[in-house]
Amino acid sequence: MENTQSTPAENGEDTGMDIPIPANSFLVIAGTKAIPLDKTVISIGRSHDNSLVLDDPRVSRHHVEIRVIRDHFVLFDLNSSGGTYVNGQRIGQGLLYPGDLISLAGVNLVFMQGTHLPGRSGVDGNTMVGPGQRPTAVFNTSIFTKKKRGGP
């Protein structure tokens, strides 16, 4: 008799366990410190249980998450009290592009993706966009959350 019970990996199905993380991606804090984005979910906030702890009273305890979705980094505000802005636009969730300026209630981070840090020798000036110089893709929350049908 044939074994009909097999794991998703044996069937060639995507189990979601091996989500590829885009290479050479990081956040630059205060223009001096680079934090690698090497996990599929990066939580940022003031609380010590976050992946990245920002000790600033303007930042909420659990301010934002950056998640890898289909080979892209997507930023999600976690109902922070001070708000989250990308390139000057308040967002609830949005796709990140290299050079995006992220402001967490006034604490600035720059999302970078590539092989070189800006300002280093050997960087082609045409390939990098400066912090906050590009509009961001902002998602309507209905894309990720279901609305109840009916009602007023």
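In what order do the six strands of the open sheet run? I read β2-β1-β11-β10-β7-β8, with antiparallel pairing. I worked from a predicted model, where local features need pLDDT of at least 70, side-chain atom pairs count only at pLDDT 80 or more, and totals for chains, interfaces and linings use all residues. Residues are numbered from 1 along each chain as its sequence is written, and side-chain values use heavy atoms, with hydrogens and water left out.

**Entry 1: strands.** I took strands (E, at least two residues) and helices (H or I, at least four) as DSSP runs, numbered from the N terminus. The chain has twelve strands and zero helices. For pairing I required at least two DSSP bridges between two strands. I then checked β1 against β11: they pair in the antiparallel sense over five bridges. I29 stands opposite L109 in β11.

Entry 2: I used buried for under 20% relative accessible area, exposed for over 50% and partly exposed for in between (1.4 Å probe, protein chains only). Of the 152 residues, 34% count as buried. A nonpolar core here is a set of buried Ala, Val, Leu, Ile, Met, Phe, Trp, Tyr and Cys residues joined through side-chain atoms within 4.5 Å. The largest one has 22 residues, and L27, I44 and I102 touch the most other members. Among the elements giving it two or more residues are β1 (25–29), β3 (41–45) and β11 (107–113).

Leaving aside neighbours within four places in sequence, I44 is in contact with residues including L27, L52, V64, I66, L104 and L109.

**Entry 3: I91.** I found I91 in the loop between β8 (89–90) and β9 (93–95). F76 is 15 residues away in sequence and 8.1 Å away, C-alpha to C-alpha.

**Entry 4: charges.** I counted a salt bridge when a side-chain nitrogen of Lys or Arg lies within 4 Å of a carboxyl oxygen of Asp or Glu. The count is two. D56 bridges to R58, with the closest N and O atoms 2.9 Å apart. D56 is buried at 17%, while R58 is partly exposed at 43%. E65 bridges to R67, at 2.8 Å between the closest N and O atoms. E65 is buried at 18%, and R67 is partly exposed at 29%.

Terms used: Contact = heavy atoms within 4.5 Å.
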